[in-house]
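Subject: Structure handover

Hello,

Here is the structure I said I would pass on. My notes on it follow below.

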Amino acid sequence: MTCCSNSMPLRHQIKQNMNAAFYNIIKHAINNNDFDYIVRLYKEIRDRLAQMLFNKNGNAYKALLEDFDIQFFEQRLSNNAFDSHSMQSLVGKTFSWIHRLQMPIRDTESEQAKIRVLQNVTSMDEMVPNYIREVHGCIDTMEQDMKEFYENQNHPVVKEMLRKAVEHIQSQKK
């Protein structure tokens with residue numbers, strides 16, 4: 001046994017503690033109406049999704065910015081006009097964007113993540129951290145998929161997949 005053989009469990013434990021602290025801070029922010037923090041987290045989700053859209057002048061990018069209207073979100077929070085129905089709508093909208101941007105093979109995973117968020121509707125201070133956790137988990141997976149795609153883009157199987165995707169898109173335009 002080496003001096004570092006226990007480092008993985010320790011790293012895992014540290015990561016778990018950091019995540020628990022982060023989600024406790026979110027709960028605290030919700031319970032204390034710290035809207036600035038919640039808005040920053042919401043903006044971070046919007047920005048991470050927007051990074052996946054390559055055409056910053058395109059309709060999809062504009063639609064994403066409209067769907068994640070930061071000022072409107074902030075106004076609803078500060079005027080106590082954001083309730084569980086609003087949260088459920090936000091969850092649906094967010095996972096709709098995830099569904100559009102991710103690889104189709106991930107649809108089942110993201111749908112399960114959405115269900116996990118919506119099942120825990122007992123209180124906002126439980127639902128919001130779950131929303132943030134699940135959304136970031138999906139986006140992390142999307143980013144990893146993109147990284148792997150780019151690293152393997154010259155592989156014959158990936159080239160064939162791209163060729164078929166282009167053919168499919170072109171056939172739908174006709």
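I start with the loop between α1 and α2, which is where Asn33 sits. Bear in mind throughout that this is a predicted model. Asn33 has a positive phi, near 50°, and is a residue other than glycine. Its relative accessibility is 47%, so Asn33 counts as partly exposed.

Another asparagine has a positive phi of about 50° without being a glycine, namely Asn80. Asn80 belongs to the loop between α4 and α5. With 66% relative accessibility, Asn80 counts as exposed, the cut-off for that being over 50%.

Next, the pockets. The largest pocket has a volume of about 1000 Å³. Its lining is made of 24 residues, and those nearest the centre are Leu101, Met103, Pro104, Phe149 and Leu162. Three helices, α5 (84–101), α7 and α8 (156–173), each contribute at least two residues to this lining. By type, the lining of the largest pocket splits into 19 nonpolar, two polar and three charged residues.

The second largest pocket holds about 290 Å³ of space. It is lined by 19 residues, with Ile38, Leu77, Phe82, Met124 and Val128 closest to its centre. Two or more lining residues come from each of α1 (7–31), α2 (35–50), α4 (70–78), α5 and α7. Helix α2 gives the largest share, five residues. Of the lining residues of the second largest pocket, 16 are nonpolar, two are polar and one is charged.

Then the aromatic residues. The count comes to five aromatic pairs. One of them joins Tyr42 and Phe68, a tilted pair with 5.5 Å from centre to centre and 35° between the planes. Tyr42 is in helix α2 and Phe68 is in the loop between α3 (59–67) and α4, so this pair ties together parts 26 residues apart in sequence. Both partners are buried: Tyr42 has a relative accessible area of 5%, and Phe68 has one of 0%.

Why does the pair of Phe149 and Tyr150 count as edge-to-face? The ring centres of Phe149 and Tyr150 are 5.6 Å apart and the planes stand at 70°, so the pair falls in that class, which takes planes over 60 degrees apart. Phe149, with a relative accessible area of 29%, is partly exposed. Tyr150 is also partly exposed, at 41% relative accessibility. Phe149 is the residue already mentioned among those nearest the centre of the largest pocket.

Ring pairs also link Tyr42, Phe68, Phe73 and Phe82 into a cluster. Phe82 in that cluster is among the residues closest to the centre of the second largest pocket.

Last, a charged residue. Is Glu134 buried or exposed? Glu134 is buried, at a relative accessible area of 16%, since the limit for buried is under 20%. Glu134 is placed in helix α7 (residues 124–151). Its side chain makes a polar contact of 2.8 Å with the side chain of Arg116. Apart from neighbours within four places in sequence, Glu134 is in contact with Phe95, Ala113, Arg116 and Val117.

Regards

How values were computed:
Residues are numbered from 1 along each chain as its sequence is written. This is a predicted model: local features need pLDDT of at least 70, side-chain atom pairs count only at pLDDT 80 or more; totals for chains, interfaces and linings use all residues. Side-chain values use heavy atoms; hydrogens and water are left out. Helices (H or I, at least four residues) and strands (E, at least two) are DSSP runs, numbered from the N terminus. Buried means under 20% relative accessible area, exposed over 50%, partly exposed in between (1.4 Å probe, protein chains only). A polar contact is a pair of N or O atoms within 3.5 Å; within protein, one must be able to donate a hydrogen and the other to accept it, and residues adjacent in sequence count only if both atoms are side-chain atoms. Contact means heavy atoms within 4.5 Å. On a 1 Å grid over the protein atoms alone, a cavity is a set of points where a 1.4 Å probe fits but cannot get out, and a pocket is an open set with protein on both sides within 12 Å along at least five of seven lines; lining residues have an atom within 4 Å of a point. Grid points are joined across faces, edges and corners, and a volume is the space filled by probe spheres set on the points. Ala, Val, Leu, Ile, Met, Phe, Trp, Tyr, Cys and Pro count as nonpolar, Asp, Glu, Lys and Arg as charged, and the others, Gly among them, as polar. Rings of Phe, Tyr and Trp (its six-membered ring) pair if their centres lie within 6.5 Å; planes under 30 degrees apart count as stacked, over 60 as edge-to-face and the rest as tilted.
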